[in-house]
Amino acid sequence: MRLLRLRVMDFAAIVKAEVDFGKGLNVLYGPNDLGKSTLAESIRSVLLLPHSSTFSEQYIPWRGGHQPIVEMTFETEAQRIWRVKKQFGKSGSSLLQESRNGIDFDDIAKGRSVDGKLREILRWGIPEPGGTGSGRGIPTSFLATALLSTQADVTAVLQESLQGDSAPSGKERIAAALQAVAQDPLFVSLLRATQARRDEAFTDKGMKKTARDSPFRMASERLKEIRDEKERLQALVDESESVEELLRELTDRRNVAEESLAVAGQRQVESERLATQAAELAGAAEDVRLARDEVARIQTLGSDVAGAEQSAADLAAKKEQAEQAVKNAQHRKVEADAALQAAQDAVVSASGDTATSATVARQRLELRRAAAEKAFSEAQQRKEAVQAAQKLVESAASADRTHSTQESEVQRTRASVAAAIEQQQRVEQQLRTLDVLERALEARGADQQVAIAQAAVDKATALRTRFDSVAAERDGLQARRESLKVPTAETLTGMRRLATDLAKARGALDVGLLVTITPHRPLDIRVQKDNAPSESESGEQVVEIEAKTHVELDLADVATVRVTGGRRDAQRTAQALNERWREEVMPHLAAASATDLDELDAKVREATELDSSIQAKEAARRSLKEQLESLSGSDDALRAASDRQRTGHAALGMPLDTLTDDLHRLGRDPSATLRKQRDQARGALEAARRADSEEGTAHTLAEERSRSSRATLEAAISARDEALQSFPEGLPIAFADVQAALGLATEEQQRVTRELASLDSSIAAEQARIDGALSDARKKADVARSQVEAAQEQLTNAITKHASETGRLNELRRLRDAEDLVAAENRLRTASERHGTMPVPERLVSDADITAAREAVVRANSHLDMIEREIQKAHGALEQVGGAVARERLRDVIEAYELAERHEREIEADYEAWKLLLEQMKDADAAQASNLGQALAPAIANRFEALTARRYENVRLTAQLGTEGVVAGGAVRPAECLSVGTREQLSTLYRLSLAEYLGTTVVLDDQLVQSDEKRMDWFRALLVDKARNFQIVVFTCRPEDYLSQAAMVAPGTSPNRDTDDGFVRSIDLSGAVQRR
Amino acid sequence: VLRLLHTADWHLGRRFPSFPEDAQKKLSRARLDAVGRILEVARRHGVNAVVCAGDLFDEPTPVADFWEGLAKTFNDYRGPQVPVFLVPGNHDPLTPESVWAAHHPFRSRLPSWVHVVDRDDFSHELMPDAVLYARPCRSKAGEIDLASALPAREPGDARIRIGCVHGCTFDIEGYQTNFPICRDAGVQRGMNYLAIGDTHSFRDVTANSPVPTVYPGAPEPTNFDEPDAGSVAVVALFRPGVRPRVNRESVAFWRWIDVRCRDLNELRGVLTKPDLERHVVRLHLDMAVSVGEESEVERILNDLQGSDAAHGRAGVLLIDRTNLRLQPGSAGVFPENLPPVIKDTIARLDRLIEDATDDGEKLKATRALAHLFKLLKTHEGVVGQPR
């Protein structure tokens, strides 16, 4: 860690400070009470104290005001530059930024998290804020004390140790630093080698590496590669074996199928053989049967001829019997025809008389019925006319009632409309009244506006008068101020400082001069001393001239002697200050017409007072101007209000006084009341208009309905009257007559109907009798005709059968004569013999059996073909997958897989062992280095020994870096036994050693005030030497203790000065710190 | 007398996945080198023909290096150009895409005296009274007996008839898919000699038959279980009726051996084996050693195996450490003058071994000790002297 820059503002007594640190030894010096320790405190606070800590209240500037701000820039390693800025106080803030180049910073943390992050960066053994052990004040730890301890307790480090740290980070950091320097080279080499082996396989966090070059990854990828190959080949082999198994199965199945095919084929052949035998035997039997049938047929022909001859004779006899039957029937028919003719003649004669009398009676009755029907119809029509007339009468009465109702409605709606119109007019009148009141209100408002506007105009006039007066006063003051040419108060302070410096410088020259001139001959001497007017002396006597600073002797024309007091440097300083006086002060004195700084100061004060007065006047002027500007439109407003007033009164059209009572009644808020009343009136008007409209509509509808009912009534009366004209006797009488006529006509109709029925009945009885007699005669005639036809048919049949039988007999005879019975009998014998010689099949085979056998063969063939195809297919698959080839490869790959698996296990075990070894080595190393005292003590002891010229032999530190004491005379002496100065020196050595090991900055705040010159020389050399290794910041009021004269900052130059190749920087805090 | 050189199972392009990459290359290259030696044997014996009975490539489409290398070997051969017959086997069957296909560039690079058996009815008159019949495998697996499919001797044919096919004569129950060859196929088909290939060890499967049916084996072994590999058969065929004489001729460069070492002395003895650089050694370490001895074991293994900087003593070494057991604990093998921090490390590991409840932890800590011991050995000169 190295500090780069510190900026402080309003921190306790410091108004402002800015320090740029050098890379090595930084000696920050200044007189007492300049703020050195405050500056050191600001470093501690910005690094360690949370901004909101109440402890920071002590940093608030003594005279109050701003919140203290500290900003520190530091570097922890190359290109890791941090900047922390804290504004202390309850409403303060913290910001931590990081940069690689020291120019561009990125925010890393803000607010409360800044301190946590800072402590993580510092690793000083201070826990995160808010945890246990965090109390009020700047948190402390062993390292914080060692690196930043205060001037108040320079030996604090000797009383502390790591034991008291709340967090382990400080100890870890020191252990790591000391471990690094204390490790055995062999061990370091082994550790590095082990670390390298371990890092090949594991990440920093101890996880297995997964990158491509990780041995685990390589072994696992190799294994995976082989596993994939193995699985692929295994799948091939499995497939091969499965196909081979399938092939074996298919082969077995093929054998079975071939056997089945052979059996089915054999069965088919056998069946076909048996079928052939059976067919041949059946053929022979058929031949025998045919031959036998032939013989039988020929023998039957002979018997058929004999039968036919007998049949022909029988039929000839039957033919003769039929001829006789025909003759008998024809005779009976002639008799029946004669009886029928006689009956028909009797019918014709009887029916002529009956028909004539019946027709006459019927015509008479028909006429009577027609007359009765007509009478009925007429009576019916008359009845309907009476009924219609009655309905018209009723209808006219109904129309009259309806019309009366409609008339009443018309009357009612008319009254409603009138009421609605009246209400509407009333409300409109009310609204007009409200309008008048509104205009009256407007007129009254306009009157008030006019009054307000008039008041504004009056106020503007008054303000303008005051504005002019103030402006005049300000201009007067301004003129007076411009006449005063004075510098600023700050410049005057600088002039006073210059005056003091000049006075000091002149004081340094004011050494007192005594010049004695002893002429050897008469001499004219002109003497000028201390800038007084010159005086002349002449003669040979001794002249003594006493002056303060300056004497100038003009020795005739021999020489001019100028004697000035003080050393050359002092003279140069005085001259420079004089020069500055002339350049920086004299022009101001001249411009202000002041003779000295006091007079100038008075003029400056006068100018300041004038400035204040001018500012006050200017403020008053601005205020008045603003007021005037705010009233700028008052004239226009007055004019506008007057216009509105005139317009309002004109619109009102009557004196406003006449409405005073009405307006008074409107109450405190007349506008609101008016608005409310207007709203109510508008609502009432709206309701009245709505009622008017609705009633108007109802009235119109009622009138329309009335008109319609009147027309209906008139039409009904007209129709009624017209209908009643046909019934002068009155409707009841007419209705009774009609009813009587209807009764008579109905009775006549019924009578005629009965008579007609009686007539029809007697005509039908006579006709039935005649028809019965005729029917009997016809039946007898029909029977006789049928008998003739039957006899003739029997005769025809007998003739036909006889002729047919005769023809058949002839044919049979011809056939009998054509056949050879002997030959037929021979053929029968031959066929019977052949049949007897043929083999008989052992069993019977049907066509279905043969078909089944053939189908079985086809099936077996098909099955075999299918198996063959499957075998071909499986074989094709096997050719692809490889069979034995795949097995051979799989064997190789399995072997490789086992090896790779073994290799992976070995790799893992191997690297796990490397990891374990590294852990154990580190643990052992940490255990060795845990006695930090042992590691650190020699460095301190050696220096302490050198410093004290071997007075002390050793320094004893505990494992936790507590100071046990120093060894002197073989015994351990507690540090408290040492003198204050020696204790300070020991503490400083301890702190320097620690900082050196950690490579970090150490701040020494007037650490060695009790050391003698010799030891300070020793320390100075040590610090300059160590400044090349780490940064040391020293606050002191005695820079000469740490710096050579040449290394110090020259007065009046930059506050920093670098020497020793930049490893030593002197910083004059008088120029860097601005104190209250 | 008709002399033949009968070879098979070159398996050019074969990979050896169990071996480290450089060893794989050595073994793969060796197979092509063997072809040159085969041709040299053929020249030395003045054979009339060289018959190669299948599986000459390890797969039907080998990488170009191998078929180009084989073509180059033939083209570079400066001996008498007797006919050479290349028969496709089940590893490199004759398929349209295979290296044997007529359009494959390999074919065009072969010299005219090298014939590829790319027809089922292949025959070649070796001499006026001697004829070669051969038939290729056309798939990786097959049930056809290619030997029985060769033409039978016609009545009156008195020529010397040689058959050459690839297949398996083993009598295996069930369905045969590796081109089964009937053992008396040579007799049945009227051959005088049946040259077959498939098995990697030299084998005459018909010792009592008048027609020798011979596997010459692979010219270079492909595994540790092929003790009789590494040969070719040189066959002399006399007049019909006299059984041809078959001589086995070694052509292998590599000898594959399994070595089991049960103690450190036996392991040291491996170093003294002659011709170790021509051996493919599978070393089974079946021993228990201390942390210090383990370092010695590793040293010997390094000696055998070689490193980036030095050749190993063994041609190819495959180490089986399955049964190499580490005796737990430092057991006083570490020097006394070690820095305290290292001593502490050793003591810590010893404590871990003592406190370990399972063998895994114990072994891990022991291995860590072994690592430390080996690291210290690399700092020899530092350790062992007072510091």
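Among contacts in chain A between residues at least 6 apart in sequence, 73% join residues at least 24 apart. The model is predicted. In it, the secondary structure of chain A amounts to 21 helices and 21 strands, and 39% of the 1076 residues of this chain count as buried.

**Nonpolar cores**

The largest nonpolar core has 97 residues. Within this core, A:Leu39 and A:Trp124 are the residues with the most contacts. A second, separate core has 55 residues, and A:Ala924 of chain A is included in it together with B:Val281, B:Val291 and B:Leu317 of chain B.

**Packing of a helix of chain A on a helix of chain B**

Helix H6 of chain A, residues 185-201, packs with helix H8 of chain B, residues 359-378. The angle between them is about 125 degrees and their axes are 11 Å apart. Because of this angle, H6(A) is oblique to H8(B). The crossing in which H6(A) passes H8(B) is right-handed. On the side of H6(A), the contact is made by A:Leu186, A:Leu190, A:Ala193 and A:Thr194; on the side of H8(B), by B:Leu372, B:Leu375 and B:Leu376. Of the residues in this contact, 6 are nonpolar, 1 is polar and none is charged.

A:Thr1000 is placed in the loop that lies between helix H19 (980-998) and strand S17 (1002-1005) of chain A. A:Gln406, by contrast, lies in a helix, namely H7 of chain A, which covers residues 215-483. The relative accessibility of each residue is given below.

| Residue | Relative accessibility | Class |
|---|---|---|
| A:Thr1000 | 0% | buried |
| A:Gln406 | 16% | buried |

A:Gln406 counts as buried because its relative accessibility is 16%, and the class takes in values under 20%. A:Thr1000, at 0%, likewise counts as buried.

The surroundings of the two residues can be listed in turn. Leaving aside neighbours within four places in sequence, A:Thr1000 is in contact with A:Met1, A:Leu147 and A:Arg173, and also with A:Ala995, A:Phe1030 and A:Gln1031. For A:Gln406, when residues up to four places away in sequence are not counted, the residues touched are A:Ala702, A:Arg705, A:Ser706 and A:Ser709.

Key
Residues numbered from 1 in each chain as written. Chains lettered and ligands numbered in written order. Predicted model: local features only at pLDDT ≥ 70, side-chain atom pairs only at ≥ 80, totals over all residues. Heavy atoms only, no water. Core = buried A, V, L, I, M, F, W, Y, C linked by side-chain atoms within 4.5 Å. Buried < 20%, exposed > 50% of the residue type's maximum accessible area, 1.4 Å probe, protein only. Helix = DSSP H or I, 4+ residues; strand = E, 2+ residues; numbered from the N terminus. Contact = heavy atoms within 4.5 Å. Axes fitted to C-alpha atoms, helices over the stretch in contact; angles between N-to-C directions. Parallel < 35°, antiparallel > 145°, perpendicular 65-115°, else oblique. Left-handed = near helix turned anticlockwise from the far one by under 90°. Nonpolar A, V, L, I, M, F, W, Y, C, P; charged D, E, K, R; others polar.
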